[in-house]
Amino acid sequence: MKTGSLIREHKGSYLNEAVGQGLAGVGDIDGDRVPDYAVMGPKKNPDDGRVVFYSGKTGKQLFYFRGDDITGAIYSTFGWALRPVGDLDRDGFPDLVVQVYSFPNYSYLLVVSSRPRPLTRDPSRLSLAKGGKQLFHLAAGPAQAGKFYWLLGSMSGVLPGLWLGPHFLPLNPDAYFLHLLAAPNSLIPGSLGLLDKNGRAEIAWTLPPGLPAALSGKVLDHAYLVLDPKTLRLDLASNPVPLLLVK
Ligand SMILES: [Ca+2]
Ligand SMILES: [Ca+2]
């Protein structure tokens, strides 16, 4: 390859977006022996700050995370600066220092693991008046390929949660939980299904419009279990993801 030849480009998604304001080589995250990289953005709208990880080999998006995946708050400048700092928690994945630039308030730094999380979702809040669609991305890893997944939820937080043998499910057995447990694929179509050959699945769910404004500020948390279809042994309990209900 000649020096200076273009390998690929990544575009922002709206005018004046500072794509790549934060930028870091992060080593090989997906195990294909080619180093990968992380950048600030592109994001869906100016408030939706995110750090996106790309495959160095193909340029495809591997995954992303946002401030609210980590601390529960949304930051427009999440990833303003990014630096790899090695593997601080020794889980085999490089860790990153992520700057949240905040003017005129205090800016700060988060130290976060680049380990992909088994469950992510988009968006992180939905309007009770308008309703809307939420997409769950399940990425349990190739070792869980072809197994059952079962998405559950609670509306009473993630603690104390449930210990299921050695697995911790960060949900509480409230009325919402019991409904999703007793009647899978009804309230959330696709809440019970099979992971594909890469251990992945997607669930699209629509919150109906016209729900009572009194629910504003409520948080629905979701997480999923992975079960072996032959033995029904529980093999994984995912991280939780919060959905904030707003007016
Ligand atoms: Ca790689
Ligand atoms: Ca690590």
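Does Asn185 count as buried, exposed or partly exposed, and how many C-beta neighbours lie inside 10 Å? In this predicted model, Asn185 counts as partly exposed, with 13 C-beta neighbours inside 10 Å.

**Figure 1. Overview of the predicted chain**. The secondary structure comes to two helices and 18 strands. The radius of gyration of the chain is 19 Å, close to the 18 Å that the globule rule gives for 247 residues, so the chain is as compact as a globular protein of that length. Along its principal axes, the C-alpha trace spans about 60 × 45 × 30 Å. Buried residues make up 29% of the 247 residues. Among contacts between residues at least 6 apart in sequence, 53% join residues at least 24 apart.

**Figure 2. The open sheet of strands S5, S6 and S7**. The three strands follow the order S5-S6-S7, and their pairing is antiparallel. Strand S5 (78-84) and strand S7 (108-113) are the edge strands, each pairing on one side only. Neighbouring strands of this sheet are turned by 30 degrees against each other on average, direction ignored. Strand S6, residues 95-100, is joined to S7 by six bridges. One residue pair to locate in this view is Val100 with Tyr108, its bridge partner in S7. In a regular strand the side chains alternate between the two faces of the sheet.

**Figure 3. Strand S10 and its antiparallel pairings with S8 and S15**. Four bridges join S8 to S10. Within this pairing, Leu119 stands opposite Leu138 of S10. Strand S15, residues 200-207, pairs with S10 over eight bridges, again in the antiparallel sense. Here Ala139 has Arg200 of S15 as its bridge partner.

**Figure 4. The largest nonpolar core**. This core holds 20 residues, of which Leu138, Tyr149, Leu151, Leu152, Ala223 and Tyr224 touch the most other members. Strand S10 (132-139), strand S11 (148-154) and strand S16 (219-227) each supply at least two core residues. The most is given by S16, with four residues. Apart from this core lies another, of 19 residues, including Ala38, Val51, Tyr54 and Tyr75.

**Figure 5. Surroundings of Tyr224**. Neighbours within four places in sequence are left aside in this view. Tyr224 is then in contact with Leu119, Leu138, Tyr149, Trp150, Leu151, Leu152 and Ser238. Among these residues, Leu138, Tyr149, Leu151 and Leu152 are listed with Tyr224 as the members of the largest nonpolar core that touch the most others. Leu119 and Leu138 also stand opposite each other, the latter in S10.

Figure 6. Most peptide bonds are trans. Pro123 is found in the loop between strand S8 (119-122) and strand S9 (125-127). Pro160 lies in the loop between S11 and S12.

**Figure 7. Positive phi at Asn185 and Leu232**. Most residues other than glycine have a negative phi. Asn185 has a positive value, near 65 degrees. This residue is placed in the loop between helix H2 (175-182) and strand S14 (192-194). Because 13 C-beta neighbours lie inside 10 Å, Asn185 counts as partly exposed. For Leu232, phi is near 60 degrees and likewise positive. Leu232 lies in the loop between S16 and strand S17 (234-237). With 8 other C-beta atoms within 10 Å, Leu232 is exposed.

**Figure 8. Leu164 in strand S12**. Strand S12 covers residues 162-164 and includes Leu164. Since the limit for an exposed residue is 12 or fewer other C-beta atoms within 10 Å, Leu164, with 11, is exposed. With neighbours within four places in sequence left aside, Leu164 is in contact with Leu169, Leu234 and Ala237. Leu164 and Pro35 are 129 residues apart in sequence, and their C-alpha atoms are 37 Å apart in space.

Technical notes
Residues numbered from 1 in each chain as written. Chains lettered and ligands numbered in written order. Predicted model: local features only at pLDDT ≥ 70, side-chain atom pairs only at ≥ 80, totals over all residues. Rg over C-alpha atoms; globule rule 2.2 N^0.38 Å. Contact = placed C-beta atoms within 7 Å. Pairing = 2+ DSSP bridges. Axes fitted to C-alpha atoms, helices over the stretch in contact; angles between N-to-C directions. Core = buried A, V, L, I, M, F, W, Y, C linked by C-beta atoms within 7 Å.
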